[in-house]
Each structure stands twice: as C-alpha cells, then as structure tokens.
Amino acid sequence: MSHITSPKVLGPPVGCTRINPRQVQSSSRSEIVTGNPYFTLWSNVSTQKQRSLHGLIKHFSSITCQHPYLANIHLCSGLNSTGRQCWRLHQGLKGDYVEYSNGIPKKHTRIYCQREEIITSGDADCNGLASAEHVKYLDNKKDLPRVASVPDDLHQESLSVQQQGYNQVESYKTKVHFSDKNGSLKQQTAGLQEPNTQRNAAAFNGSVQEENSSEESALEKEAWELLKSATVYYCGNPVGTIAANDPSDSSPLNYDQVFIRDFIPSAIAFLLKGEPEIVRHFILHTLQLQSWEKTVDCYSPGQGLMPASFKVGLIPRDGDETIMEETLDPDFGEAAIGRVAPVDSGLWWIILLRAYGKYTGDLSLQERVDVQTGMKMILKLCLADGFDMFPTLLVTDGSCMIDRRMGIHGHPLEIQALFYSALRCAREMITPEDGSLDLIRAMINRLIALSFHIREYYWVDMKKLNEIYRYKTEEYSYDAVNKFNIYPDQVSPWLVEWMPDRGGYLIGNLQPAHMDFRFFSLGNLWSIVGSLATPEQSDAILDLFEAKWADLVSNMPLKICYPALEGEEWRIITGSDPKNTAWSYHNGGSWPTLLWQLTTACIKMKRPEIAQRAIEVAERRISKDRWPEYYDLKTGKFIGKQARLYQTWSIAGYLVAKQLLRNPEAAQILTCEEDFTLLEARSLLEASPRRKRGHKSLKKPFLV
C-alpha cells in the first residue's frame with residue numbers, strides 16, 4: 001500500500017503525514033494516512049495552532065461531526081448527523097465556528113494528524129507540535145493554488161485512552177477531496193486506510209463496542225461467545241480456533257485441532273471485529289510449521305507445503321522432565337484420513353495474509369523476510385514444472401474442502417479458483433527484487449493462461465450446452481473445436497432440464513474426454529471473488545443461484561455441490577463411502593459456512609439482497625440446531641447424520657456474512673478486481689489461442 005509522504009523539507013512530527021496539495025496534485029497515489037482524531041489545524045494567515053484531543057479541540061468548547069458514519073460511532077461529544085458531511089468546530093467564547101465544508105476548511109490550509117504514542121516517541125515537543133522552523137516554513141507558504149484535506153470519509157476510527165493502552169476502531173475506505181480556489185470539488189477514491197504497525201492495528205474501543213453491540217442481534221452475540229470460547233492459546237497468545245467445540249462430544253477425533261481452511265472465516269471475523277492479534281499469531285506460527293519435517297512412508301513432500309491442521313500439546317522440557325512445555329503438533333496429511341496433502345492450506349494462507357495487510361495496514365508483516373520466503377516456497381511448489389499440458393493445478397482427490405474421495409481428482413474448480421486468487425494476492429505482496437523476478441514473471445504468465453483456460457473451457461450455459469451437444473469427436477488438429485474430445489452423450493438429461501435460460505456456471509472439473517458438470521458452490525463463488533470469472537459470468541452465476549434457489553439453498557444454505565452422486569455412480573466414484581451417501585456431507589450436503597463466501601461474492605457484484613435472503617433462511621434454525629457442521633437431504637431439512645455440533649466455521653461464516661452486509665466496503669480485503677494488464681494479455685490468447693511452437697512473446701512483456 002502506498003502513502004503520500006512529506007516533502008524533503010522539514011517534515012511534520014514522526015509518524016504524521018502532511019497533506020501537501022502540490023504533492024497530491026502531482027501524484028497518482030492518493031492514499032493519505034491521517035491517524036485518529038488528533039489534528040493540528042494550521043492557519044493560512046498566522047501560525048496559530050488548535051490541537052484536537054479525543055475529538056475535543058483546544059480553545060473550542062465542542063465539536064460537531066456532521067458525517068453520518070462518524071456520527072454513528074460516537075467519535076466525539078456533541079455529535080450531530082445532518083447529511084452535510086462536514087466538521088463544525090464551535091468556539092467556546094464567542095460561539096463562532098470554523099466550518100469544514102465538504103472537507104475544505106474555510107480558514108485553514110493544513111491539517112496534521114497527531115497520535116499520542118507517536119508524539120511521545122520523540123522528534124516533537126511535549127505537545128506534539130512541529131518545530132519553530134517547520135512553523136516558519138508553513139507560514140511562508142501563502143499562495144496555495146489548491147487545498148487537499150480528508151475529513152469527509154475519514155477513516156472512521158476512534159482513539160480512547162484506557163488503562164491497557166490505546167485501541168483503535170477499524171479503518172474504512174477514504175476519499176481524498178480536492179478543491180480549487182473557486183470551490184469546485186473533485187473526488188478520487190483511495191484504498192483502505194489503516195495504521196502502519198501491528199500495535200496500531202484496528203481494535204474496538206469502548207464507545208464503538210457499545211454502538212456495535214446495539215446493532216448486533218442476540219443470535220450474533222451468541223455466535224461471538226461461541227467463537228471466542230473456541231479460541232486456542234499457545235504460550236499465552238491466541239493462535240486459532242478449534243474446528244468444533246461441542247462439550248457433549250466425547251470423541252472429537254481431530255475436530256479439536258486448528259485447521260487452516262476452517263480458521264479462515266474465524267480470522268476474517270476477528271479482523272472485522274477489530275481484533276487482529278489472533279490473525280497475526282496464526283500467520284506467523286503456521287509459517288514456522290511450514291519448515292517442519294513431514295514424512296509419509298520414508299517420503300517427504302514439497303518444502304512449501306502448509307499443514308492441514310495443528311494442535312497445542314505438552315512435552316517435557318529438555319533436561320528437566322518435571323517441567324512441561326507447550327508445543328505445536330502439525331498434521332500435513334500423514335495422519336489424515338486417506339493421507340492426502342492439503343493443497344488449499346497454502347493458498348488460503350496467502351489470501352489471509354493479504355487480507356490482514358489490507359485491513360490493518362500492518363504491511364511490515366508481509367514484508368518480513370521469513371514471510372516472503374514462506375510465500376515464495378508455496379508459490380514455487382504450485383508453479384513447479386510437470387507433465388501437465390494445462391495451466392490448471394493438478395491435484396489428487398480429497399485435497400481441499402472436500403477432503404474425501406468424491407471424484408474431484410485432476411483439476412477441480414475449487415483449487416483453481418483459490419490458486420488464481422492466491423497468485424493475485426501474492427503478486428501484490430511479493431517484494432520485487434533480483435531473486436524474485438523469475439517467480440513474478442512465472443506468476444503473471446500463469447495468471448494469464450489460467451484465467452483464459454477457465455473462462456473458455458469451464459463455462460457452461462444453455463448456449464454452451466447446445467454447442468457441446470453438437471460436438472464432433474476424434475478431431476486431430478491444432479484448430480479442433482472439441483479440444484478435449486468430449487463426447488456429447490456426457491450431457492446428462494438432468495443438466496438439460498436443470499440449466500435455466502438465464503444463468504450459467506463453471507463446471508467442477510475438466511480432463512481429457514471428461515467434463516464434471518456438477519455445480520460446486522465454493523469454486524464458483526470464489527471465482528467471482530477473485531475475478532477468475534468474467535463480470536458477465538459472475539452475474540450469470542448469481543442468476544443461477546436465484547433461479548435454482550430451491551435446489552441450492554432451500555431450508556439451509558448452501559449446497560456444497562449439486563446434484564448428489566447416487567446408485568452405481570456413488571459406489572464407483574466414492575468407493576461406497578458411508579459418510580458421503582446421497583445428499584449428505586460432501587455429496588450434496590448443505591454447509592452453513594459457505595454463507596460468507598456467498599456474501600462476499602454478492603457484495604462484489606452489488607447484489608447483496610441475495611446474501612441477505614440466504615442469511616435469513618439460516619437464522620430461522622441454525623442456533624436452535626446448535627450450529628451444525630452440515631445438513632442432510634436434498635432440501636437440507638435434517639441435521640447431518642454425522643455432523644459435529646457447535647462447528648466453529650459454521651459460526652464464523654454466519655458472523656462474517658453479517659459483518660460484511662453491515663460494512664460492505666470491508667469485502668475489499670478479500671476481493672480482486674479485473675486486472676486490465678492480464679486482460680490485455682488474455683485478449684491475445686483469445687484472438688489466437690494456438691501459438692506457434694517456440695513462440696515466447698508472452699514470457700516477459702507483462703512483468704509489471
């Protein structure tokens with residue numbers, strides 16, 4: 001994330017950002033960090049200063065906030081929301097005021113942020129004011145062609161002094177406003193604004209907690225209590241949440257462990273709640289586990305593999321067996337059912353790392369050498385050359401959320417959507433240095449090929465089904481239409497009847513002579529979130545959800561896949577798995593945790609009413625049913641026959657969905673917009689998908 005910095009001349013106090021109109025005008029990067037409500041207002045006429053402390057202006061008796069968001073969180077006393085979107089400072093003696101009309105102060109041209117913990121760090125006097133030389137420098141700058149300031153959509157943050165220290169409210173999207181001398185306004189959208197250090201990471205203070213608690217329903221309060229009771233601590237620090245926390249379960253198996261994929265919705269919930277500490281500890285401790293030795297029958301998998309789960313155990317201290325020490329015990333798949341390595345764990349880890357940085361502003365975490373190294377190891381493992389002819393990631397059955405045999409081996413959509421999203425996230429975070437240029441180039445080339453492949457060959461709607469129905473087979477040609485030799489008889493009658501006239505989706509898998517036409521919810525939803533699907537395809541996927549609501553949502557959201565495998569097909573593909581019988585568990589079961597992915601996708605496509613409708617369906621019974629892991633039957637009426645109760649990611653998925661609907665802007669920490677650089681490169685492939693042998697025009701030009 002880029003910030004406008006102070007000029008080379010004498011700068012403001014340490015940690016403060018000067019809003020320089022000339023620099024804003026000449027810079028394409030418009031993000032400004034101002035800090036919580038500590039300001040010094042610098043007069044254009046004189047060097048007089050007014051200091052704001054906790055929303056109260058020195059020499060002013062009150063401050064009236066007229067911005068609806070700030071008014072809602074009680075940033076300061078005497079709040080008033082009139083829709084005018086400005087600050088009004090009321091002078092104590094004469095009743096005069098200095099008005100910030102649309103963020104432009106009438107009598108001031110400079111705003112400095114002052115943060116107490118930064119002030120006490122040095123390079124500023126005891127009042128946190130700039131030096132006399134700096135004041136003189138400002139006083140000489142009278143002829144200002146333009147003025148820039150940020151009160152309008154200021155980070156809706158609040159700082160309160162408590163016994164434990166400083167806490168801050170979550171940051172939101174900021175707009176930087178420019179005004180010329182005639183008062184005309186221009187707005188430029190900036191990214192999420194956050195503090196720069198982990199200590200300054202967003203956390204709720206008392207007033208904001210009181211406000212949010214009034215908004216939270218009794219169901220949400222119950223969910224938060226359950227989520228926090230599932231927290232796991234290591235050496236006194238929170239490091240994750242266990243998979244399920246059912247006190248009546250005497251045989252939890254591995255549900256008492258912290259799973260990487262299961263913790264993701266919990267992590268997002270804690271971030272949006274303003275409690276990022278647990279997320280930071282989780283990222284760093286799982287990174288340490290990445291380097292642990294992992295062996296199955298004398299064979300060790302790739303070095304960048306992240307564990308599927310871990311648990312906190314006790315071991316005797318070296319040299320003194322009477323003293324027990326805590327240790328983390330990871331499972332890389334060597335103890336899992338089927339002994340399958342978790343391919344999605346590393347991809348989710350990268351996605352979470354980016355979300356943490358975007359929300360808290362703690363970019364120092366992703367810039368750490370060990371974090372950069374861990375990220376590169378995951379990417380190298382995924383980008384390693386093999387025998388595959390396609391840009392999709394080749395995996396075994398059971399290597400993702402569907403962690404049992406379900407016929408998804410090969411190139412399942414869920415893995416491809418997460419792979420693409422992780423590549424997009426890593427591209428933003430990888431430090432461009434000599435040692436990483438080849439990796440960055442490989443990432444960009446893979447992104448281009450992968451998005452083209454998925455959009456072109458995985459997409460089906462009524463029009464595409466008709467094309468497949470008319471396919472010719474056994475084509476031997478570089479220009480073959482039926483490139484994968486798909487037999488038209490694979491188009492099952494159920495699909496023809498089920499496919500709506502308006503809508504479509506990305507199929508579950510594609511291999512030579514095989515298209516898996518099952519609809520997989522997570523893969524399709526995350527293709528929307530990460531922009532793997534085109535905007536038109538994304539809208540069509542949501543159209544399908546609306547058209548097939550009775551099949552995909554019904555009595556409990558959300559079907560993990562549709563339709564279920566039954567009869568002989570179930571026996572052959574699942575190996576007669578008694579847990580994956582028709583319309584149960586991974587075989588067409590309904591999973592409440594998918595609510596947060598649905599909500600994120602709907603918000604990105606500006607169709608939140610779909611998510612709201614699904615949440616209302618879940619709220620009718622999920623608490624009464626004790627937060628099950630999944631539901632059975634085609635309509636989702638029954639609690640799953642082997643479902644764990646008080647499943648943590650069912651709880652967290654619901655909380656994240658509610659938080660995102662309340663604050664849609666926060667979804668940006670998860671989403672990726674269409675990349676026009678990649679789009680331009682894809683257009684070359686679409687114009688001529690078959691390149692001549694040895695042609696390498698796409699190898700290097702797209703390094704950004």
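Colleague: Why is E568 called partly exposed?

Modeller: The relative accessible area of E568 is 47%. Buried means under 20% relative accessible area, exposed means over 50%, and partly exposed is what falls in between (1.4 Å probe, protein chains only). The value of 47% falls in between, so E568 is partly exposed. This is a predicted model, in which local features need pLDDT of at least 70 and side-chain atom pairs count only at pLDDT 80 or more, while totals for chains, interfaces and linings use all residues. Residues are numbered from 1 along each chain as its sequence is written, and side-chain values use heavy atoms, with hydrogens and water left out.

Colleague: What makes R571 and E568 a salt bridge?

Modeller: A salt bridge is a side-chain nitrogen of Lys or Arg within 4 Å of a carboxyl oxygen of Asp or Glu. For R571 and E568 the distance, N to O, is 3.0 Å, so the pair meets the rule. Both residues lie in helix 19, 3 residues apart, which is about one turn of the helix. Helices are DSSP runs (H or I, at least four residues), strands are DSSP runs too (E, at least two), and both are numbered from the N terminus. R571 is also partly exposed, because its relative accessible area is 41%.

Colleague: Which salt bridge links K273 to a distant part of the chain?

Modeller: K273 pairs with E216 at 3.1 Å, N to O. K273 is in helix 7 (residues 260-273), E216 is in the loop between helix 5 (206-215) and helix 6 (218-229), and the two are 57 residues apart. K273 and E216 are both buried. D577 and R404 also meet in a salt bridge, at 2.9 Å. D577 is in the loop between helix 19 and helix 20 (595-604), and R404 is in the loop between helix 11 (369-383) and helix 12 (413-429), 173 residues away. D577 has a relative accessible area of 8%, so it counts as buried.

Colleague: How many salt bridges are found in the whole structure?

Modeller: The search finds 22. A network of salt bridges links R502, D539, D543, E546 and R607.

Colleague: What makes strand 17 and strand 18 a pair?

Modeller: Two strands pair if DSSP finds at least two bridges between them. Strand 17 (residues 309-317) and strand 18 (residues 320-331) are joined by 9 bridges, so they pair.

Colleague: How do you know which are the edge strands?

Modeller: The open sheet has 3 strands in the order 16-17-18, with antiparallel pairing. Strand 16 (258-259) and strand 18 each pair on one side only, which puts them at the edges. Strand 16 and strand 17 are joined by 2 bridges, and V258 has F310 as its bridge partner.

Colleague: Why is strand 15 described as largely enclosed?

Modeller: Of the 5 residues of strand 15 (residues 237-241), 4 are buried, so the rest of the structure largely encloses it. Strand 14 (residues 231-234) pairs with strand 15 over 4 bridges, in the antiparallel sense.

Colleague: What is said about the phi of L253?

Modeller: Most residues other than glycine have a negative phi, and most peptide bonds are trans. The phi of L253 is positive, near 55°. L253 is in the loop between strand 15 and strand 16, and it is called exposed because its relative accessible area is 63%. S554 also has a positive phi, near 50°. As for peptide bonds, a cis bond joins P557 and L558, with omega about 10°, and another joins Y562 and P563, with omega about -5°.
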